[in-house]
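Please examine the structure displayed below before reading on. The paragraphs that follow begin with a pair of helices and proceed to other parts of the chain.

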Amino acid sequence: MDGSVVDSDLWTDAGESLLADAIRLRRAIHEEPELGLHCPKTTAKIRAALDGLPLEIREGPSTTGLMAILRGSDNGRTVLLRGDMDALPLKEDTGLAYRSRTEGAMHACGHDTHVAMLVGAARALSAQRDRLAGTVMFMFQPGEEGYHGARFMMEDGLLDDPAPDAAFALHISPNMPRGMMGSRHGSLLASADSFIIKVKGRGGHASMPQDALDPIPVACEIVTALQSFITRRISVFNPAVLTIGRITAGTTNNVIPEEAELEGTLRTLSEQTRMAAQEGIERVARNIAAAHGATVDVDIRTGFPVTVCDGRIVDLAEKTAKSLFGEDAWMSMPNPLMGAEDFSYVLQKVPGAMSFLGAAPEGGDWRTCCALHSNRMVLDETVMARGVAMHCGFAQAFLNGDEVV
Ligand code: NI
């Protein structure tokens, strides 16, 4: 960085020297994955790893999340660094020596590495607190995988005092070249709402449909009508993805059931499209059903909002990554991803950015290796050295620089 405020060598060296510890912690968490808002074993491991550091640790009643606060040499601005902690409900099939010992749970989204990198950053920044012109908040957050953990920690007041002026998070990815980082201005990840549509007809004998009210063809028509709605009524420049992932109806071949149920997900890249699509789902389902004399119950379950990165913070992350690891270490992502992330709640309140960190496994092709959430997902954990350095460099760049006001 020109006129850099980032001690690049200091942080890259710190990342390398803390790597062995980060790997140990990551593997310990990987072996004992926990789900949801309450991850007490993971929290205990974090507490043990932070023990002795000059941090103020706060908790809230709603989750086992931790907010660790580091005061630098000055009362300047405040930066928040976030790592999520929770695993996913699936069986691990990686064959790793340190694979999950908990039946039906796996760190398949790499949150174990996020914790380990954030702990590493807390250690490195604590050792250099005199170099920081402000305050660093380390947000260890459970319940990312659909449980709104970030929102609960905010509702518990953990982001109020101090209140961050900027926020940054890293998400590891096996589908990016090793060590590469990247993000984009604006929408990075989608909103994710789920919905259930119950089509109510009238049961009867399969040979006499005229005397019943068969909900199955009505449900099928709703599926296709929803796809027409999405492609005809939603702008291609502000897209939405709607997928029906489950249809349930009936018990056997010669019975017309009373009900059919559809379940789906809706992804969008703006709140405006999200609202229009939610309204459209209701309207289309209700009116298709009405055309056939049936009725529907539509239950839309609001999920995470769109993850929107602040362009100034993305630029700062890019400069930091290039300063630490060279010009080739950063890619500006041309498109958003339709996955979702509850860091979006933080970014609704605080200007910030999430960056991906490539961790394609050794010998694997990043284009084809198993994606996040796969039962076979593996990562090159040595990239955690870069993640630690990136958290540190970003914190210093924001606190000591004047690029972003
Ligand atoms: Ni994740």
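In helix α2, residues L25, A28 and I29 meet T42, K45 and A49 of helix α3, where contact means heavy atoms within 4.5 Å. Helices (H or I, at least four residues) and strands (E, at least two) are DSSP runs, numbered from the N terminus. The model is a predicted one: local features need pLDDT of at least 70, side-chain atom pairs count only at pLDDT 80 or more, and totals for chains, interfaces and linings use all residues. Residues are numbered from 1 along each chain as its sequence is written, and side-chain values use heavy atoms, with hydrogens and water left out.

Helix α2 spans residues 19–31 and helix α3 residues 40–50; their axes come within 10 Å and cross at roughly 165°. Because of this angle, α2 is roughly antiparallel to α3. Axes here are lines fitted to C-alpha atoms, for helices over the stretch in contact, and angles run from 0 to 180 degrees between N-to-C directions. Angles under 35 degrees count as roughly parallel, over 145 as roughly antiparallel, 65 to 115 as roughly perpendicular and the rest as oblique. The crossing of α2 past α3 is right-handed; a crossing is left-handed if the near helix is turned anticlockwise from the far one by less than a right angle, and right-handed if clockwise.

The axes of α1 (residues 8–17) and α8 (residues 311–325) come within 9 Å and cross at roughly 75°, so α1 is roughly perpendicular to α8. On the α1 side the contact is made by S8, W11 and T12, and on the α8 side by S323, L324 and F325. W11 also touches Q128, as does L10, when residues up to four places away in sequence are not counted. Q128 itself is placed in the loop between α4 (111–127) and β4 (135–141).

What coordinates the nickel ion? The donors are C109 (SG), H111 (NE2) and H171 (NE2), at 2.1 to 2.3 Å. Donors are N, O and S atoms within 2.8 Å of the metal (3.2 Å for Na, K and Ca); water is not among the atoms, so sites may look incomplete. Along the sequence the donor residues follow the spacing C-x1-H-x59-H. C109 and H111 are both buried, a term for under 20% relative accessible area, with exposed meaning over 50% and partly exposed in between (1.4 Å probe, protein chains only). C109 counts as buried because its relative accessibility is 7%. Another cysteine, C392, is buried at 0%. Across the whole structure, 0 disulfides are found, a disulfide being a pair of cysteine sulfur atoms within 2.5 Å.

Strand β2 (residues 66–71) contains I69, which is buried because its relative accessibility is 1%. Beyond its neighbours within four places in sequence, I69 is in contact with residues including P54, L55, V136 and P162.

Most residues other than glycine have a negative phi, and most peptide bonds are trans. H148, in the loop between β4 and α5, has a positive phi of about 60°. H373, in the loop between β16 (352–358) and α10 (384–400), likewise has a positive phi, near 80°. H148 is buried because its relative accessibility is 14%, whereas H373, at 41%, counts as partly exposed.
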